[in-house]
Amino acid sequence: MTSSAIAVSCLRKAYGDKVVLDGIDFDVAAGSVFSMLGPNGAGKTTTVNILTTLMAADAGTVLVAGHDVTAATATATRAVRAAIGVTGQFAAVDDLLSGRENLQMMADLKRVRSPRLVAQLLERFDLTESADKLAATYSGGMRRKLDLAMTLVGDPRIIFLDEPTTGLDPRSRRTMWGIVRELVADGTTIFLTTQYLDEADQLADRIAVLDQGRLVAHGTPDELKRRMPGTHVRLRFTDPADLDTAARILAGSTRDDQELTLRVPSDGESRSLRALLDVLDEHLLNAREFAVHTPDLDDVFLALTGRPSAEAIAK
Amino acid sequence: MSSVSTAWADSAVMLRRNIKHSMRNPVVVFNSVLFPIVMMLMFVKVFGGGFSVGEPYIDYATPGLLVMAVSSGLGATSTSVNDDMRKGIISRLQVMDVSRGAVLTGHVVVTAVRCTVACAAIVGVAFALGFDPSANALEWLGVIGLVVLLSVAAGWLTVALGLAAKTPESAGLATVPLIMLPFLSSAFVPADTMGSGVRQFAEYQPFTPVIETLRGLLAGDPSGGDAMAAVAWCVGFVVVGYVWSVASFSRRA
């Protein structure tokens with residue numbers, strides 16, 4: 001495919017005996033958002049490090065912006081670096097410089113001679129008011145915004161965002177999503193890693209699910225959702241007889257006799273929940289617990305790999 | 001743009017950054033400029049009267065104080081180099097098409113600038129305290145040249161120490177021997193007044209030929225010190241510091 005911004009095949013990486021990437025393949029179309037979804041330790045950051053020339057792969061080929069990263073020639077590496085922007089998990093800002101000076105430093109290093117650029121970026125990221133304060137005084141959300149603004153200096157064609165919203169409050173998270181959408185609208189390719197299913201769902205054109213160094217699923221958000229467990233209501237009863245009755249009258253439900261729980265598929269909307277409660281009332285049933293459950297990353301892993309994610313086990 | 005001019009331009013950007021860092025950190029300004037002046041006042045006004053060196057003490061001590069001014073600001077460099085490696089900013093620079101050495105060069109140059117400013121301040125205060133050198137213009141140039149060379153040498157060595165250290169605290173600590181060395185030299189009292197063992201160390205340690213050469217130049221007697229040994233030590237430090245820095249940098253970065 002000629003319009004690939006990133007093409008990866010059979011990528012492998014191990015640290016000593018520990019295999020981190022066990023032969024992964026994927027393709028990112030130019031101008032699209034590709035999200036790599038996975039729990040901590042799945043190999044997301046390693047993938048980003050290899051794709052961004054920070055780390056050498058053990059095997060496989062990686063083309064970024066048409067240049068072979070794995071060839072590791074100085075020319076290819078420089079060409080890749082000139083085409084990409086990277087925002088890592090930890091804000092890479094200079095604490096002893098102000099927001100404005102941080103951006104100016106990037107402009108100087110990238111030889112961008114646009115006197116308005118810094119002011120424009122400050123405005124776009126809502127940082128104008130704090131522009132002359134030291135970055136050390138910025139809140140977590142502001143640091144992330146400054147970090148991303150620094151990445152955008154020089155208009156990179158491909159931007160890597162490694163867990164850009166981990167640790168952010170919901171409002172800053174939404175701001176970040178808005179910025180990502182704007183970038184895509186301008187034709188930038190985005191490679192995004194995240195631990196949040198909703199983030200991948202909101203932003204990505206394609207999602208790859210990474211688990212212990214392997215891609216266990218790959219597709220559009222809709223394709224993946226079809227393979228995932230839907231939203232459901234979980235009822236817990238005190239009496240096995242009640243569970244029997246409920247399982248009989250609620251079509252499509254699955255029961256767990258040990259836990260005395262019943263899973264009832266539902267869209268989670270208030271009207272259908274009311275209807276469900278009405279049915280229980282009619283049969284004089286009382287559920288001790290009633291919970292609406294929307295699928296999260298753990299459910300995805302359970303559905304895709306048949307086992308919970310390593311983190312869920314740890315919990 | 002050729003890669004050499006790119007490297008220069010990148011180094012200039014990093015130097016601007018490091019100068020701002022230095023100016024914004026009061027501890028750095030104190031340690032590198034004010035501390036040597038405080039030490040100077042202590043030695044000249046408090047202890048100096050008790051030392052018999054065969055000439056006005058201020059004339060004897062100024063060359064050693066210049067070396068001390070160079071060494072006392074080094075902790076700031078090793079700490080900030082180490083900080084740079086631990087914070088994300090270095091990974092940002094790595095994925096940009098930025099010349100690899102620019103980060104290190106920026107630190108070395110800012111160290112040299114800071115040391116030279118500190119030395120200028122020492123000379124200024126020395127004059128205020130009655131310093132009366134007999135150096136001619138050429139000998140003054142020699143003094144300036146040697147101070148700058150020593151600063152660059154100490155700068156590379158310190159950058160290497162900062163890169164090798166695991167934490168900023170230990171990076172700061174690693175420069176303490178460099179700060180102590182002037183005391184174990186002929187900086188403040190002649191080496192031949194020292195106890196045996198210490199005396200031999202003082203005679204052969206690197207700062208002694210530098211101090212003696214500076215002393216000779218300032219006294220208008222360039223043959224007073226072993227200039228060749230002084231320059232050789234400095235060049236040696238540059239080479240060791242540079243090679244060690246580049247090796248640690250490519251391993252960590």
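Me: Which way do strand 1 and strand 4 of chain A run, and how many bridges join them?

Reply: Strands of a sheet pair through backbone hydrogen bonds, either parallel or antiparallel. In this predicted model, strand 1 (residues 4-15) and strand 4 (residues 59-64) of chain A run antiparallel and are joined by 5 bridges. Arg12(A) has Ala59(A) in strand 4 of chain A as its bridge partner. Strands here are DSSP runs of E of at least two residues, helices are runs of H or I of at least four residues, and both are numbered from the N terminus. Two strands count as paired if DSSP finds at least two bridges between them.

Me: What numbering and what confidence limits apply?

Reply: Residues are numbered from 1 along each chain as its sequence is written, while chains are lettered from A and ligands numbered from 1 in the order in which they are written. Because the model is predicted, local features need pLDDT of at least 70 and side-chain atom pairs count only at pLDDT 80 or more, whereas totals for chains, interfaces and linings use all residues.

Me: What is the strand order of the open sheet of 4 strands in chain A?

Reply: The order is 2-1-4-5, with antiparallel pairing. Strand 2 (18-29) and strand 5 (67-68) of chain A are at the edges with a single partner strand each, so one side of each has no neighbour in the sheet.

Me: Are the residues of strand 7 of chain A buried or exposed?

Reply: In a regular strand the side chains alternate between the two faces of the sheet. From strand 7 of chain A, Ile158(A), Phe160(A) and Asp162(A) point one way and Ile159(A) and Leu161(A) the other, and all are buried. A residue is buried if 20 or more other C-beta atoms lie within 10 Å of its own, exposed if 12 or fewer, and partly exposed in between, with C-beta atoms placed from the backbone. Since 5 of the 5 residues are buried, strand 7 of chain A is largely enclosed by the rest of the structure.

Me: Which strands pair with strand 7 of chain A in the parallel sense?

Reply: Strand 6 (residues 84-87) of chain A runs parallel to strand 7 and is joined to it by 4 bridges; strand 8 of chain A pairs with strand 7 in the parallel sense over 5 bridges. Ile159(A) stands opposite Gly85(A), and its bridge partner in strand 8 is Ile190(A).

Me: Which residues of helix 6 of chain A are buried?

Reply: An α-helix has 3.6 residues a turn, so residues three or four places apart point the same way. In helix 6 of chain A the buried residues are Arg173(A), Met176(A), Val180(A) and Leu183(A). They cover an arc of only 80 degrees around the axis (taken from the directions from the helix axis to the C-beta atoms), which puts them on the same side of helix 6. On the other side, Pro170(A), Arg171(A), Gly178(A), Glu182(A) and Ala185(A) are exposed. The cover over the buried residues includes strand 3 (33-37), helix 5 (140-152) and helix 7 (197-203) of chain A.

Me: How many residues of chain B are in contact with chain A?

Reply: Contact means that the C-beta atoms of two residues, placed from the backbone, lie within 7 Å. By that rule, 15 residues of chain B are in contact with 21 residues of chain A. Helix 1 (3-24) and helix 5 (89-94) of chain B are the elements that give two or more residues to this side of chain B, and its largest share, 6 residues, comes from helix 1 of chain B.
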